[in-house]
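Subject: A structure for you to explore

Hi there,

Here is the structure I promised to pass on. Have a look around it first, and then read my notes below.

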Amino acid sequence: MQKQVTNKKGLSDEQVLHIVIVGLMAALCFVGNYLSIPIPSIAGVTRLHFGNSMCLLSGLFLGGIGGGLASGIGAGLYDLLTPAYVISAPVTFLSKFAMGYVCGELATFFRTRYKGTSLGKTKGILISGITGQIVYIILYFLNKYIYMLLIGSEARAALIGVMPNLLSSIANAVIAVAVSVPLYVKLKRPLGNMDSAGIIMPELKPHEGKEAKKNIALRVVGIVAFILLIVGAYTLYVNNKLASLEESETETEDVSTEDDSVEDTDVYDTEVEADETGDEATETES
């Protein structure tokens, strides 16, 4: 058994290595977003890219929390550094985190519960990747649809407007699963032989009886808490959007009111000048 070395800040070598690997996968998620083809749409710019494939790969190798953090940090940083997407960076972090988290949790579950079977290998990994992408597509669609409603579109028009985004998201999902699953299959053996295999592909210890039920209950509570966190953050995001739209509408109304007042004043001044000119002309004739 290897002795864990702890640094001055109380972090073991394993924890430091875990942080480094999460940062590395976040960098891959970040770079993957630059390998893209932009597609204009009514709901904003959408893209075909390889960022999602790196997010799924992060979940497959690092598990739920590690994969979610790598996905969210990498994609969120890309949005923050891209002017066209900077306003959506918080939502991107949450939605990409959800994709990596769900994919990672399912992958760990299949590898552990169905070890040695097809579900513990390729089939389980494929299901994990597809499920993670479905979760992301739902969140992405809701984000774009609500945005269209907030800018004043009717429900039907908003639905039509987000269709290009939805189609590109489905295309990205296909690309992500087609790239990440084969990569995982090819890399899992060499990475599994490394000393850090317990970090890169976290496996749950087998549990039985009450302990197994407790483990499942804790995971359910964690997933529910995460969903509530996403809903709460998204609610704040929508409220901020509404507040900014109301402020802009109020400013527009104030400007139009001032313009109307100026026009009325100009008309009144013109009428007064015309009356004075008429009176002067009458006095001159008399």
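Predicted model: local features only at pLDDT ≥ 70, side-chain atom pairs only at ≥ 80, totals over all residues.

Residues are numbered from 1 along each chain as its sequence is written, and side-chain values use heavy atoms, with hydrogens and water left out.

**The overall picture**

The protein has eight helices and two strands. Going from the N terminus, the order of elements is α-β-β-α-α-α-α-α-α-α. Of the 286 residues, 35% are buried. Here, buried means under 20% relative accessible area, exposed over 50%, and partly exposed in between (1.4 Å probe, protein chains only).

**Helix α4**

This helix covers residues 122–150. α4 has 29 residues and reaches 42 Å from its first C-alpha to its last, close to the 42 Å expected; the expected span is 1.5 Å times one less than the number of residues. Y136 lies in α4 and is buried, with a relative accessible area of 8%. T131 and V102 are 29 residues apart in sequence and 7.3 Å apart from C-alpha to C-alpha.

**Helix α1**

α1 (residues 13–34) has 22 residues and reaches 32 Å, close to the 32 Å expected at 1.5 Å a residue. Among its buried residues are I21, V22, M25 and A26. Seen down the axis, the buried residues of α1 fall within an arc of 140°, so they line one face of the helix; the arc is that of the directions from the helix axis to the C-beta atoms. The face turned away from that buried side carries the exposed residues I19, V20 and L24.

**Helix α2**

How far does α2 (residues 51–80) span between its end C-alpha atoms? The span is only 15 Å, whereas a straight helix of 30 residues would span 44 Å. α2 bends by about 140° at G63, where the bend is the angle between axes fitted to the seven residues ending there and the seven starting there. In α2, 25 of the 30 residues are buried, so the helix is largely enclosed by the rest of the structure.

Enjoy exploring it!

Best wishes

Terms used: Helix = DSSP H or I, 4+ residues; strand = E, 2+ residues; numbered from the N terminus.
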